[in-house]
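Subject: A structure for you to explore

Hi there,

Here is the structure I promised to pass on.

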Amino acid sequence: MLRLTEIILPLSTSQDDIENTLRAAACSRLGIAPEALRALTIFRRSYDARKRSAITLTYSVDVEVADEAAVLKRVAGLRTVMPTPPMEYQYVGHAPADLPESRRPVVIGFGPCGLFAALILAQMGFRPIILERGRVVRERTKDTWGLWRKNTLQPESNVQFGEGGAGTFSDGKLSTQVKDPKHYGRKVLQEFVAADAPPEILYVSKPHIGTFRLVKMIEQMRAQIAALGGEFRFESRVDDIEIEDGRVRGVRLAGGEFIAASHVVLAVGHSARDTFCMLHKRGVFMEAKPFSLGFRIEHPQSVIDRARFGPSAGHPVLGAADYKLVHHAGNGRAVYSFCMCPGGTVVAAASEPGGVVTNGMSQYSRNERNANAGIVVGIEPKDFPGIEDSPLAGIDFQRHWEKRAYELGGGDYSAPAQLVGDFLAGRPSTALGSVMPSYKPGVTLTDLSSSLPDYAIAAIREALPAFERQIKGFSMHDAVLTGVETRTSSPLRITRRDDFQSMNTDGLFPAGEGAGYAGGIMSAAIDGMKVAEAVALHLLGRDDIT
Ligand code: FAD
């Protein structure tokens with residue numbers, strides 16, 4: 001098989017006949033007759049919108065040709081033709097058929113990280129036991145909507161907690177910046193497609209799934225793990241961990257039940273504050289790490305589409321436009337857009353009573369009226385009061401601002417909000433303009449200047465006009481800021497060694513976003529796979545972790 005890259009076509013190319021167009025381009029590049037090209041699959045499609053009046057599509061394709069060796073010889077030196085690299089996932093080993101019960105690994109948390117750790121372990125025959133504090137995804141969906149529609153928060157079943165983890169009610173963006181020479185990401189996408197995700201996620205440059213499809217996919221993946229011998233325990237919060245002579249002996253559930261285990265994957269996400277406290281009390285090594293704080297901003301999606309795509313705004317291949325922005329403020333703070341959701345809604349993402357937290361989600365169609373994104377400011381452990389005394393100080397800092405937002409919102413999970421024009425002018429908002437905020441259960445118009453630390457407010461005030469220079473309309477008067485965005489990543493790292501075990505606790509494998517090793521669905525899933533491999537190698541008595 002050969003891979004051809006940089007096949008550039010105008011956006012106007014008909015998608016009905018795209019395969020024939022690509023075949024013709026491939027034959028021309030390889031200098032072969034049409035009948036010598038046996039098969040073609042699209043490997044990647046991206047767009048180049050730098051020139052808005054002439055947007056192009058860039059394809060990479062894999063082709064099977066009649067005499068590959070001869071073709072390769074003819075195109076030798078051509079940078080855009082190469083043998084297709086092997087990308088199939090290779091398991092590091094397989095469990096012995098007589099794996100004792102006591103050696104079954106335990107996975108705590110069934111978000112993307114725990115899901116992929118459990119899936120890979122199950123596919124290798126290790127029959128993992130999965131402990132998840134929240135409810136199964138259907139029940140969890142009802143609980144989550146209870147906050148959005150009836151102002152009722154369930155502390156154990158919400159946007160952060162429950163089957164599927166934090167990204168279940170999300171935009172389902174699947175891109176990541178992590179280096180992935182072993183193509184773990186490809187395996188993640190293939191497993192998602194096998195569970196009914198849209199097949200195009202395998203080749204589009206910015207794949208996304210959207211909320212409703214994610215819910216169904218998670219159920220299918222759970223069924224696959226169970227069919228391979230995995231065991232699920234929902235509504236089973238791990239409240240304690242038994243450690244003896246620096247080695248894990250097992251975990252205790254909230255109801256008191258003890259589960260003996262020698263290998264525990266800790267994939268609890270960034271919101272498991274009680275679990276972090278418990279681990280700290282038990283002496284598991286952890287350290288504070290930077291994260292970001294800010295607001296969600298909402299614009300009409302049409303403003304973003306026009307700015308990014310000009311006359312091609314609304315083209316079906318382009319879909320709803322996204323953006324990625326960064327500004328280095330004069331006070332030394334970086335302000336950047338976070339988790340941008342085209343054509344989506346702002347969601348209430350609290351998991352603790354008496355706090356307001358924002359985030360964003362969308363459906364696969366991304367056809368809601370507004371675009372939203374976090375506009376957040378980087379903060380360091382030295383910013384957290386009390387950091388000298390505890391690595392958990394970042395949690396208190398997050399909680400402080402979440403409670404402040406709850407008060408400013410009126411104390412019923414409504415979120416405080418302000419129009420961008422008023423925020424920049426330093427006056428409270430009293431009426432909405434042309435942009436209707438999508439946050440449910442609703443917003444309370446106010447002055448957001450006391451809802452974040454002064455340095456963050458100053459940095460965002462400076463950044464919004466700077467972003468206007470990149471996206472016309474970004475600092476429009478009527479755009480809405482909703483606060484506060486605090487759960488951008490984990491406020492701490494449960495540091496691990498090269499063999500993926502905790503620095504000071506053998507048998508404990510910290511993983512995913514909560515442990516500070518991932519940010520986003522894809523990177524959490526990839527980290528889960530790597531940790532599953534480390535667990536398997538350890539159980540098999542091998543030390544060839546790469
Ligand atoms: P989590 O997904 O947080 O999963 C941790 C799981 O552990 C939870 O299910 C929790 O209930 C469980 N748990 C916690 N403590 C315990 C305990 N003591 N015992 C048992 N179980 C426990 N990322 C993207 O890449 N793209 C997006 O579009 C996107 N949109 C998002 C939208 C929203 C609204 C939110 C909240 C997040 C979004 N994210 C998105 C971020 C993404 O969801 C996370 O990065 C990802 O889910 C982290 O995966 P994880 O498995 O490490 O942790």
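Tyr413 sits in the loop that runs between helix H9 (393-409) and strand E19 (415-419); helices here are DSSP runs of H or I with at least four residues, strands are runs of E with at least two, and both are numbered from the N terminus. Tyr413 has a positive phi of about 75°, although it is not a glycine. With 9% relative accessibility, Tyr413 counts as buried (buried means under 20% relative accessible area, exposed over 50%, and partly exposed in between, using a 1.4 Å probe and protein chains only).

Before you go further, please keep in mind that this is a predicted model, where local features need pLDDT of at least 70 and side-chain atom pairs count only at pLDDT 80 or more, while totals for chains, interfaces and linings use all residues. Residues are numbered from 1 along each chain as its sequence is written, and side-chain values use heavy atoms, with hydrogens and water left out.

Arg366 also has a positive phi, of about 45°, and is not a glycine. You will find Arg366 in the loop between E17 and strand E18 (370-379), and at 16% relative accessibility it is buried. Why point these out? Most residues other than glycine have a negative phi, and most peptide bonds are trans.

One joins Lys440 and Pro441, with omega about 20°; Pro441 lies in the loop between helix H10 (420-425) and strand E20 (443-445). Another joins Gly483 and Val484, with omega about 0°, and Val484 belongs to strand E21 (residues 480-485).

Next, the ligand. How many residues surround the ligand? There are 38, and the closest are Glu132, Ala166, Gly167, Glu513 and Ile521 (a residue is near a molecule if one of its heavy atoms lies within 4 Å of it). By class, this shell has 17 nonpolar, 15 polar and 6 charged residues; Ala, Val, Leu, Ile, Met, Phe, Trp, Tyr, Cys and Pro count as nonpolar, Asp, Glu, Lys and Arg as charged, and the others, Gly among them, as polar. Helix H3 (112-123), strand E17 (358-361) and helix H12 (521-539) each supply at least two residues of the shell.

Polar backbone atoms come up here too: a ligand nitrogen is 3.0 Å from one in Arg133, and a ligand oxygen is 3.0 Å from one in Lys173. Taken alone, the ligand exposes 1,000 Å², and the protein buries 96% of that (areas come from the Shrake-Rupley method with a 1.4 Å probe).

Finally, the structure holds 38 salt bridges, each a side-chain nitrogen of Lys or Arg within 4 Å of a carboxyl oxygen of Asp or Glu. In one of them, Arg233 pairs with Glu257, and the closest N and O atoms are 2.5 Å apart. Arg233 lies in strand E7 (residues 231-233) and Glu257 in the loop between strand E9 (247-253) and strand E10 (258-260), so the pair ties together parts that are 24 residues apart in sequence. Arg233 is partly exposed at 22%, as is Glu257 at 38%.

Arg496 and Asp527 form another salt bridge, at 2.7 Å between the closest N and O atoms. Arg496 is buried, with a relative accessible area of 12%, and Asp527 is buried too, at 6%.

Happy exploring!

Terms used
Polar contact = N/O pair within 3.5 Å; in protein donor to acceptor, adjacent residues only side chain to side chain.
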